[in-house]
Amino acid sequence: VTGASFVVFNGALKPSSGFLAKSSIVEDGLMVQITPETMESLRQALRDKKDFKITCGKTDTGDIKEYVDICWVENEEKTNKG
């Protein structure tokens, strides 16, 4: 689990790169590189307020260890109010 101040979704990952998606820590945030098709699915999920899971790793290995989960929650923590 990684906490981040911001998340950047980059939809320019080429399918020929050999990766499903790539995630990396950038300063105090997270950058997720995804294919244009995944970006369109993510955008639709955000419009529909649906949870979305991005699987990161190489396409040719069955040993995938990273996921980026976008989850909608009912309660908002008011810890940074004001």
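## Layout of the chain

Reading from the N terminus, the elements go β-β-β-α-β-β. That makes one helix and five strands for the protein. Keep in mind that this is a predicted model. Of the 82 residues in the protein, 20% are buried. As for how the chain folds back on itself, take the contacts with a separation of 6 or more: 39% of them are between residues 24 or more positions apart.

The five strands make an open sheet in the order 1-3-2-4-5, and the pairing is mixed. Strand 1 and strand 5 sit at the edges with a single partner strand each, so one side of each has no neighbour in the sheet. On average, and ignoring direction, neighbouring strands of this sheet are turned by 35° against each other.

Let's walk across the sheet, starting with strand 1. Strand 1 and strand 3 run in the parallel sense and share four bridges. Here Asn 10 stands opposite Gln 33 in strand 3. Next come strand 2 and strand 3, paired in the antiparallel sense over six bridges. Along this pairing, Ser 24 faces Met 31 in strand 3, and Ile 25 has Leu 30 of strand 3 as its bridge partner. The hairpin of strand 2 and strand 3 has two residues between the strands, and Glu 27 takes a positive phi near 55° there.

Strand 2 (residues 19–26) pairs with strand 4 in the antiparallel sense, over two bridges. Ala 21 has its bridge partner in strand 4, namely Gly 57. Strand 4 and strand 5 are antiparallel too, with five bridges.

Helix 1 covers residues 36–47, twelve residues in total. From its first C-alpha to its last it reaches 17 Å, close to the 16 Å expected at 1.5 Å a residue. Its buried residues are Met 39, Leu 42 and Ala 45. Looking down the axis of helix 1, these buried residues fall within an arc of 125°, so they line one face of the helix. The background is simple: an α-helix has 3.6 residues a turn, so residues three or four places apart point the same way.

What lies over that face? The cover for the buried residues of helix 1 includes strand 1 (7–10), strand 3 (29–34), strand 4 (52–58) and strand 5 (66–70). Just after helix 1, the backbone takes a positive phi of about 55° at Lys 49.

Nonpolar side chains tend to be buried together in soluble globular proteins. In this model, the largest nonpolar core has twelve residues: Ala 21, Leu 30, Val 32, Ile 34, Met 39, Leu 42, Ala 45, Phe 52, Ile 54, Cys 56, Val 68 and Ile 70. At least two residues of this core come from each of strand 3, helix 1, strand 4 and strand 5. The buried residues of helix 1, Met 39, Leu 42 and Ala 45, are among the members of this core.

Setting aside neighbours within four places in sequence, Ala 21 is in contact with Leu 13, Gln 33, Ile 34, Ile 54, Thr 55, Cys 56 and Gly 57.

## A loop residue

Where is Lys 14? It is in the loop between strand 1 and strand 2. Lys 14 is exposed, with a relative accessible area of 55%. Pro 36 is 22 residues away from Lys 14 along the chain, and their C-alpha atoms are separated by 7.9 Å. Pro 36 falls within helix 1, which takes in residues 36–47.

Note on methods. Residues numbered from 1 in each chain as written. Predicted model: local features only at pLDDT ≥ 70, side-chain atom pairs only at ≥ 80, totals over all residues. Heavy atoms only, no water. Expected span 1.5 Å × (residues − 1). Buried < 20%, exposed > 50% of the residue type's maximum accessible area, 1.4 Å probe, protein only. Arc of directions from axis to C-beta. Contact = heavy atoms within 4.5 Å. Core = buried A, V, L, I, M, F, W, Y, C linked by side-chain atoms within 4.5 Å. Pairing = 2+ DSSP bridges. Axes fitted to C-alpha atoms, helices over the stretch in contact; angles between N-to-C directions.
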